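I opened the model to go through its contacts, helices and a few single residues. My notes follow in the order of looking.

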Amino acid sequence: MMTLFGHPLNTASHWTFFVSILPLIFKGLIITVEATILGFLVALGLGLIFALLRRVPVRAVSWPTVFVIEFVRDTPLLVQLYFLYFVLPVYGVRMPAFITGLLALGIQYSAYTSEVYRAGLDAVDRGQWEASKALNLSTVRTYRDVVIPQAIPRVIPAMGNYLVSMIKDTPVLSAVTVLEMLSMAQMIGDRVFRYFVPLTTVGLFFLIVTLFASALVRFLERVLPKQGIPLK
Amino acid sequence: MSWSELFIHLLGGLQVTAIITAASTVFGAICAFAGGIGKLSPIRAVRWLAAAYVEIFRGTSLLVQLFWLFFALPFLGVRLSPMGAGILGLSLNIGAYGAEVVRGAIVAVDEGQYEAAKALNFTGRQTLWRIVLPQAIVEMMPTFGNLAIQNLKDSSLVSLITLTDLTFTADNLRNETLQTIPIFTLTLFIYFGLALILAGFMRWLEAKTERMAGRVKAS
């Protein structure tokens, strides 16, 4: 019997094949989930930096930021990934493919999350800013105690949708040898020359994961207090 | 090779990217209307079929769909060319996202319009094609513009099922010349340029549908 990473691949029937590859697909799923969560943290951080830079009232800062956001948003993730993967080593920056992959995911999605932050901050009523000014609060305190707490409930559902969409983009990392679910299925297929069961299984796993994640986002949307969340 | 020589080489892959993007945007729009109208059908089986289509293609990854069409489908006796699998995969995927837009826009059409159509004795089909859709299309166009750009970006994934598009050509050129910085910088800017052109075209189309629906934006 053929094996992959020490796991036997039982191709006697579709059903036995499906059962025998489950442990391997699970391994891929863990990499997929890790890449998504870490990539999303990068997107949340970088997106916030972009959103704030865009609000700087100096054009020499805000205009280049707008250009970078547009450029990142309008070019393919795969090409950005290749760029990082092949160009960074030229400058002596070497890192595992997994790290390059989650950085690429994070950078692409930071263009999206920066828009979410912007919309969330803009949606806070102007009166709140005026009231903070009247109460003589500093800019930092206005952001921290007044604006951001009100922006969070508006921002979280949109962020959740991008998280779900990032899960579906992780298979792109297979192009630079990251062993996530899809490349795992591909390796299984290459081993026994049967692609139908592994690829269908991966499709099914994605469906379950995204349905679960979307349900979680909708749940969060419902339970979040609409009037705001204090940062304490 | 100089930057301009590399640019000329990259343009060789542009044709496939352009064909794939154009074809899958058009077929994707057809899928979107079929799926979106199907989800509102009075026939339950059609509604379920449309809902299953949308859920499956939105719930799984595009690259998994492309691999499935290219590597798994032959085991069911259907063998597609790389070009066929690429266009089919991209169309079905972007169509599923578009279907939600179509459905949303149709539902958003004022109820009075349906009542007026009924009062004027329009059939269901006439109401849909002559009253509802012309108004709904105007609402869909801005989101369709975003989806078209999304589709252009997604088209780069066909390089992974052996199609010699722009991304594939870039990666090939990297293998031959190892001039990674100019190659990928140029490739990113070509995609950016294509996205700007496509965005301009979609805005033109948006203005055209507004005129056709008898609406001119007050500016």
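**Entry 1: the contact between the chains**

I started with the contact, in a model that is predicted. Chain B puts 27 residues into the contact, and chain A puts in 27 residues. I then asked which helices of chain B each supply at least two residues of the side that touches chain A. They are H2 (44-59), H3 (62-72), H6 (124-154), H7 (166-177) and H8 (180-212) of chain B. Which of them gives the most? H8(B) does, with eight residues.

**Entry 2: a helix pair across the chains**

Next I looked up H8(A) against H3(B). Their axes are 10 Å apart, and the packing angle is about 160°. That angle is over 145°, so H8(A) is roughly antiparallel to H3(B). The crossing of H8(A) past H3(B) is left-handed. I noted the residues in this contact. H8(A) brings Phe196(A), Leu199(A), Thr200(A), Val202(A), Gly203(A) and Phe206(A). H3(B) brings Val64(B), Phe67(B), Trp68(B), Phe71(B) and Ala72(B).

**Entry 3: a helix pair inside chain A**

I turned to H7 (residues 181-192) of chain A and its packing on H8(A). Here the angle is about 165° and the axes are 8 Å apart. H7(A) is therefore roughly antiparallel to H8(A). H7(A) passes H8(A) in a right-handed crossing. From H7(A), the contact uses Met181(A), Leu182(A), Ala185(A), Ile188(A) and Gly189(A). From H8(A), it uses Pro198(A), Leu199(A), Thr201(A), Val202(A) and Phe205(A).

**Entry 4: H6(A), end to end**

How far apart are the end C-alpha atoms of H6 of chain A? They are only 37 Å apart. H6(A) covers residues 139-169, which is 31 residues. A straight helix at 1.5 Å a residue would reach 45 Å. I looked for a bend and found a kink of about 45° at Val147(A). The kink lies shortly before the proline Pro149(A).

I listed the buried residues of H6(A) too. They are Val147(A), Ala151(A), Met159(A), Tyr162(A), Leu163(A), Met166(A), Ile167(A), Lys168(A) and Asp169(A).

I ran the length check on H2 (residues 59-74) of chain A. Its 16 residues should span 22 Å at 1.5 Å a residue, and the end C-alpha atoms are 22 Å apart, so the two agree. Buried in H2(A) are Ile69(A), Val72(A), Arg73(A) and Asp74(A). What covers them includes H1 and H4 of chain A, together with H6 and H8 of chain B.

**Entry 5: chain B as a whole**

I counted eight helices and zero strands in chain B. Its C-alpha atoms fill a box of roughly 70 × 50 × 20 Å along the principal axes. Chain B has 219 residues, and 40% of them count as buried. I also took its contacts between residues at least 6 apart in sequence. Of these, 76% join residues at least 24 apart.

**Entry 6: positive phi**

I searched for positive phi outside glycine. Asn136(A) has phi near 65°. Asn136(A) sits in the loop between H5 and H6 of chain A. Is Asn136(A) buried or exposed? Asn136(A) counts as exposed, because it has 7 C-beta neighbours inside 10 Å. Thr162(B) has phi of about 70°. Thr162(B) is in the loop between H6 and H7 of chain B. With 13 other C-beta atoms within 10 Å, Thr162(B) is partly exposed.

**Entry 7: two distances**

Last, I took two C-alpha separations. Glu34(A) lies in H1 of chain A and is partly exposed, with 14 C-beta neighbours inside 10 Å. Glu34(A) and Leu135(A) are 101 residues apart in sequence and 44 Å apart in space. Ala207(B) lies in H8 of chain B and is partly exposed, with 13 other C-beta atoms within 10 Å.

Terms used
Residues numbered from 1 in each chain as written. Chains lettered and ligands numbered in written order. Predicted model: local features only at pLDDT ≥ 70, side-chain atom pairs only at ≥ 80, totals over all residues. Helix = DSSP H or I, 4+ residues; strand = E, 2+ residues; numbered from the N terminus. Expected span 1.5 Å × (residues − 1). Bend = angle between axes of the 7 residues up to and from the residue. Buried ≥ 20, exposed ≤ 12 C-beta atoms within 10 Å, placed from the backbone. Axes fitted to C-alpha atoms, helices over the stretch in contact; angles between N-to-C directions. Parallel < 35°, antiparallel > 145°, perpendicular 65-115°, else oblique. Left-handed = near helix turned anticlockwise from the far one by under 90°. Contact = placed C-beta atoms within 7 Å.
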